[in-house]
Amino acid sequence: MASAFSATKFTPFNPTTPRSHHKQPLFDPLKTTSSFPGSTRKLRFTTFPTLNLLNSHRRSPVVAVSEAIEEKKLKLTSNLLITKEEGLELYEDMVLGRAFEDMCAQMYYRGKMFGFVHLYNGQEAVSTGFIKLLKKEDYVVSTYRDHVHALSKGVSARAVMSELFGKTTGCCRGQGGSMHMFSKEHNVLGGFAFIGEGIPVATGAAFTSKYKRAVLKETDSEDVTLAFFGDGTCNNGQFFECLNMAALWKLPIVFVVENNLWAIGMSHLRATSDPEIWKKGPAFGMPGVHVDGMDVLKVREVAKEAIGRARMGEGPTLVECETYRFRGHSLADPDELRDPAEKAHYAARDPVTSLKKYIIENNLASEVELKAIEKKIDEVVEDAVEFADESPHPPRSQLLENVFADPKGFGIGPDGRYRCEDPKFTQGTAHV
Ligand SMILES: Cc1ncc(C[n+]2csc(CCOP(=O)(O)OP(=O)(O)O)c2C)c(N)n1
Ligand SMILES: [Mg+2]
């Protein structure tokens, strides 16, 4: 059976080969427009002649992951890629993600949450397709759009909602808020507000796993790390540095790009020299794959192989999931910038509705069974809101806990007092 990655084999561009030997015709910026895979938009190249000459070699075909899946379909006795149990698990997780975020919007506008809140509606197939394949010990690193990654990894709706409400029962005791979901128990290493900030953290986690296995000889250590981040973040230096390190040290990590085509109000096509992000994998010596991020089954197929590679010690993979966010960048964004036709194009490909249709059409489960899941999830989300609402606020003293800097610069002791106020501090005998 062909590997989902087989089409990504890296043929290095040889700068000594005369350009006329390359198969692609010379690129004429005035005549050519090319569409980004799946996008309703056309790429518009700027007309700098030198730049275009440089770029003329790079229009290789995008990996058609779907072909690998088609092939698998043919070889299976039934036409199904998933069992009933798997299908229902995926559906439940995606419905949870969607219902949770819709409830967040309501609670935000009712003044129950503070600061920025970035919702994940539309991107559920990525979180579910990847995270539901993980073991508890595996790591997940997210961005500020992190609620659903935490939920998929098993953090309870109560703990995530309470965190959003700023309550003590939240997964960070109410101190992190929407952009900083963290759970030691579930190895969710955080949402990160600065873009790209989570990628080195994820690379560090993967390095730990590799170090345990290769140096400390802990042979049972085969944990995998998933780093989720957006298209805009791929223009950030940390992305490139970490791809390099991960490939160099063959780290057990999957870089999952959630390409929703926008970075706040900046179109991906306007911001990136080569919009096909997956191509940056082979540039660093790792497979790069483009997958339809609105189709949970396709995401899952690619995720299985990438996670499997990482677990087997075969190194990192870069996966670009083409997806779309159904709401504004954050709940403070009126979302007036994006073209209604583009929104409609992706709305018609809603990943939750698509999976439901697939399950019913393939007789995996009945409408009644799926309705029962939706009802159950509604109750889970209602319960999370009630729980969060009734939970206590943290005490004011919590503000000074876990603070690594203080106005005087020497730290705060366990008694809550400035260490520099301890008379022993200047004698060098204080316990710091
Ligand atoms: C280092 C840094 N620079 C700028 C910002 C402001 N900022 C917040 S979100 C964002 C866009 C990120 O877009 P993308 O990576 O595509 O993620 P998406 O929001 O689409 O999920 C920017 C520039 C930031 N948070 N951190
Ligand atoms: Mg984006």
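**Notes on the predicted model**

1. Lysine 250 counts as partly exposed, because 18 C-beta neighbours lie inside 10 Å and a buried residue would need 20 or more. The model is a predicted one. Lysine 250 sits in the loop that joins α8 (237-248) to β5 (253-259). Its phi is near 50°, a positive value in a residue that is not glycine. Most residues other than glycine have a negative phi, so this backbone deserves a look.

2. Asparagine 187 also has a positive phi without being glycine, with a value near 55°. The residue belongs to the loop between α6 (157-165) and α7 (198-214). Is asparagine 187 buried or exposed? It counts as buried, because it has 20 C-beta neighbours inside 10 Å, and the cut-off for burial is 20 or more.

3. Seven of its seven residues are buried, so β5 is largely enclosed by the rest of the structure. Ile253, Phe255, Val257 and Asn259 point one way from the strand, while Val254, Val256 and Glu258 point the other way.

4. Which strands pair with β5? β4 (225-230) pairs with β5 in the parallel sense over six bridges, and leucine 226 stands opposite valine 254. The chain passes from β4 through α8 to β5 in a right-handed β-α-β crossover. β9 (residues 317-322) likewise pairs with β5 in the parallel sense, over six bridges. In that pairing asparagine 259 stands opposite glutamate 322.

5. β9 also pairs with β8 (residues 288-292), in the parallel sense and over five bridges. Glycine 288 faces leucine 318 of β9. Between these two strands the chain runs through helix α11 (residues 296-311), and this β-α-β crossover is right-handed.

6. Strand β8 has five of its five residues buried, so the rest of the structure largely encloses it. Both of its faces are covered: Gly288, His290 and Asp292 lie on one side, and Val289 and Val291 on the other.

7. The largest nonpolar core comprises 89 residues, and Val160, Ala227, Val254, Val256 and Val319 have the most contacts inside it. Helix α3 (residues 84-109) makes the greatest contribution to this core, with ten residues. Apart from neighbours within four places in sequence, valine 254 is in contact with Val224, Leu226, Ala306, Ile307, Ala310, Pro316, Thr317 and Val319.

8. Ligand 1 has 15 residues around it, of which Ile195, Gly230, Gly232, Thr233 and Ala263 come nearest. The elements that supply two or more residues to this shell are β4 and β6 (262-263). By type, the shell divides into seven nonpolar, five polar and three charged residues.

9. For the chain as a whole, there are 14 helices and nine strands. Of its 432 residues, 41% count as buried. Among contacts with a separation of 6 or more, 73% are between residues 24 or more positions apart.

Methods:
Residues numbered from 1 in each chain as written. Chains lettered and ligands numbered in written order. Predicted model: local features only at pLDDT ≥ 70, side-chain atom pairs only at ≥ 80, totals over all residues. Near = placed C-beta within 6 Å. Helix = DSSP H or I, 4+ residues; strand = E, 2+ residues; numbered from the N terminus. Nonpolar A, V, L, I, M, F, W, Y, C, P; charged D, E, K, R; others polar. Core = buried A, V, L, I, M, F, W, Y, C linked by C-beta atoms within 7 Å. Buried ≥ 20, exposed ≤ 12 C-beta atoms within 10 Å, placed from the backbone. Contact = placed C-beta atoms within 7 Å. Pairing = 2+ DSSP bridges. Right-handed = clockwise from strand over helix to strand, strands pointing away.
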